[in-house]
Amino acid sequence: MFLANAKVDSVTQIGTNVFLLKLQSDKIAANAKPGQFVNIKVSNSNFPLLRRPFSICNVEGDYFTIMFTSVGEGTLVLQKKQKGEFVDVMGSAGNGFSLDGNYEKAIIVAGGIGAAPFPFLIKELEKIGKGIICLSGGRTKNDCITYEMKNVSIATDDGSFGFKGNVVELLSSQIDRYKNERIKIFGCGPNAMLKSLQQFCFTRNIEAEISTESSMACGFGICQGCPVQSATDKNKFLLVCKDGPVFNVKDIELP
Amino acid sequence: MSAVDLSVSVGPLKLRNPILLASGTVGYGNEISEFIDLNKIGGIVTKSLSLKPRKGNSSQRVVETPSGMLNAIGLANVGVEEFLKTKIQFLKKFDTKIICNIAASSVEEYVECTKLLTGEDTISAFEINVSCPNVKEGGLEFGNDKKAVAKITEEVKKVSTKPVFIKLSPNVSRISEFALAAKESGADAVSAINTLVGTAFDIFSRKPKIKNITGGLSGPAIKPVALAKVLEIKQNVDIPIIGIGGIFSWQDAVEFMIAGASAFQLGTVNFVHPNISETMINDLILYCEKMKISSLKNLTGSFIL
C-alpha cells in the first residue's frame, strides 16, 4: 500500500449524478487489483477530516479511475477538482475479487453506484477468456449505471426502464438461461441488495463474491471501525477494509 | 546529525523523542509499519488488552463529526494470552518503547493482566485505561470514581515491575483531582486525555449514528479541551503528563509540551496521515533550531501566563 500525491487528469460526468475522476499515480495503478479501493483525503483541511474510500473503477497505464455519486461533503469536493490538481491518495487497499473458480461465465450484478468496481473486473475477466453478463439496477432509469458494462440488462424499481423490480429479481428471472453453464456471480451494491443476492446464491448453490461497504476511519485495519460478522466464527468480526471489501458470500453475515 | 536533543523522560521511562502512537489507533503496530519506521519514534501504545479476547461492538462503530470523529469500538482485542503469543513477536523486532495498554472490568482483572504481562522484557511500561467510554462495565465508571482510580493504581503498582501510567478521563469536572489520586497511589505518570463522550443522530431515521448510542469524540475538535486539561494537571499536581487529544500537526504537539506534557501521543491523525509520526521529527528539530532550544524537554511546561 502506498501514500501518493495523485495528479487529477479529468472529472467527467457520466450520469445524472455520477462522476468519474481520473488520477495519475504509477505506483497505485501498477499495484491495483479489481475490487480493491483507494482511500482519498479530498481536501487539505479538516473538512472533511477523514479519508473517503472509493472502489478502483478502472486502470489504464499510469492512470486509475474512481466512480462516485455526489452525495456528501467529500464527494462534492471531489466533483470540483480541476485538471493538474494533486490529491492525497492511499492505496490500493483491501482484498479484491478473485478471478479463480470453476466457471466459464461471469455474471456481474450491480446495484446503483455498486457498478463502480466492475469496468476493471470485466477487463481482467475478458483477458482470461470468461464470458460476461451484466445486470444493473437502480430506483429509476437515472440511477442505473452501465458504464463499460457488457451484455447489460437493466432493472428499475419503478419500471421506468427495463425489468420492473430489483436487480436480484431480474437475476432470478434470467438464471435458467445459464443452467447448462458454469457460472460465478460478482456483486456490488447496497447491503440490502447484497443480502438478497447472498440468499439467492445460497438457495441455488452458486459461487459468488460480493464487494461490501462500510463507514471506516483508516482503511487499513488500525481503527477497527468497519466490522462485519464472520459466518464461520460467531466470536469474530472481520474488517471490511482489510479482510474485504470483497468477500466470498459464504464468509460473512450481512447486517 | 542535528545538535538538538529530542530525548525526553516520562518518569523513569526514557524515550528517544516524545512521539508516541496512541492506544487504539495503531493496533499492535504491524499495519502502521507499512508507512513508518517504528525505530524512529519514541514508542507505541498497544490497543487496550483485556484478560480474555473481546469481540467489540457491532457496526456502526465510527462516524465523522465536525473536525473529529466518534468511535465506539468496544475494546475489541485479542486478549493478553494471544498478545504474548503472537503480537509481541512482531513488536520485538523494533528498537522502540512498547507501552502496553490494559483495560479491564474489575480491579482483579487489571492485576491479573499486569501479572501476566510484566515478565515480558519487550514491554517498557503500562498504560492503564480507566476511562474507556464504550464498554458497559468498568471503563468510564472507574474513570469517574477517584477511589476506584486510586485502588486500581495501587494494586497494579504492587504487581508491576515497570512504570505505570494512568490514562485519565476528561469526562469529569476536575481532572487534576484524578491525577492527584493516581500520583498518591504510586502512578509514574498520567496520560491525558481519553476521548470525550459524544453522540450524533441521523435526522431522517432519528436514530443515533453509532450502534452504541454514544461514542468517544477524538480529533482536532477536542484539542483545546485536552490542552486545558493538561494545563490544569500541570498547575496542580507534580506528576509527568503524556499529552493526548486531537494532535494533527507538529505545532499541535508543541502546544501540548508547552502546556505541560513531557511526551505526547498521536491518535486519530494516524488514520488520516499514517506517516505523520515520522515526518514530524524533522519539523520538531527545525522548530527547536529556530527557537534556539537545545533540548526539547525544556519545552515541557514552559508556558508564560
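A: Ala, Val, Leu, Ile, Met, Phe, Trp, Tyr, Cys and Pro count as nonpolar, Asp, Glu, Lys and Arg as charged, and the others, Gly among them, as polar. The model is predicted, so local features need pLDDT of at least 70, side-chain atom pairs count only at pLDDT 80 or more, and totals for chains, interfaces and linings use all residues. Residues are numbered from 1 along each chain as its sequence is written, chains are lettered from A in the order in which they are written, and side-chain values use heavy atoms, without hydrogens and water.

Q: How do the residues lining the second largest pocket divide into nonpolar, polar and charged?
A: The lining has eight nonpolar, six polar and eleven charged residues. Among its 25 residues, A:Q224, A:K236, A:F237, A:L239 and B:V78 lie nearest the centre of the pocket.

Q: Which element gives the most to this lining?
A: Strand β14(A) does, with three residues.

Q: What makes α1(B) roughly parallel to α2(B)?
A: Helix α1 (residues 79-91) of chain B and helix α2 (residues 107-118) of chain B pack at about 10 degrees, with axes 10 Å apart. That angle makes α1(B) roughly parallel to α2(B), because angles under 35 degrees count as roughly parallel.

Q: Which residues make the contact (heavy atoms within 4.5 Å) between α1(B) and α2(B)?
A: From α1(B) come B:V80, B:F83 and B:L84, and from α2(B) come B:C113, B:L116 and B:L117. These contact residues divide into six nonpolar, no polar and no charged.

Key. Axes are lines fitted to C-alpha atoms, for helices over the stretch in contact, and angles run from 0 to 180 degrees between N-to-C directions. Helices (H or I, at least four residues) and strands (E, at least two) are DSSP runs, numbered from the N terminus. Angles under 35 degrees count as roughly parallel, over 145 as roughly antiparallel, 65 to 115 as roughly perpendicular and the rest as oblique. Contact means heavy atoms within 4.5 Å. On a 1 Å grid over the protein atoms alone, a cavity is a set of points where a 1.4 Å probe fits but cannot get out, and a pocket is an open set with protein on both sides within 12 Å along at least five of seven lines; lining residues have an atom within 4 Å of a point.
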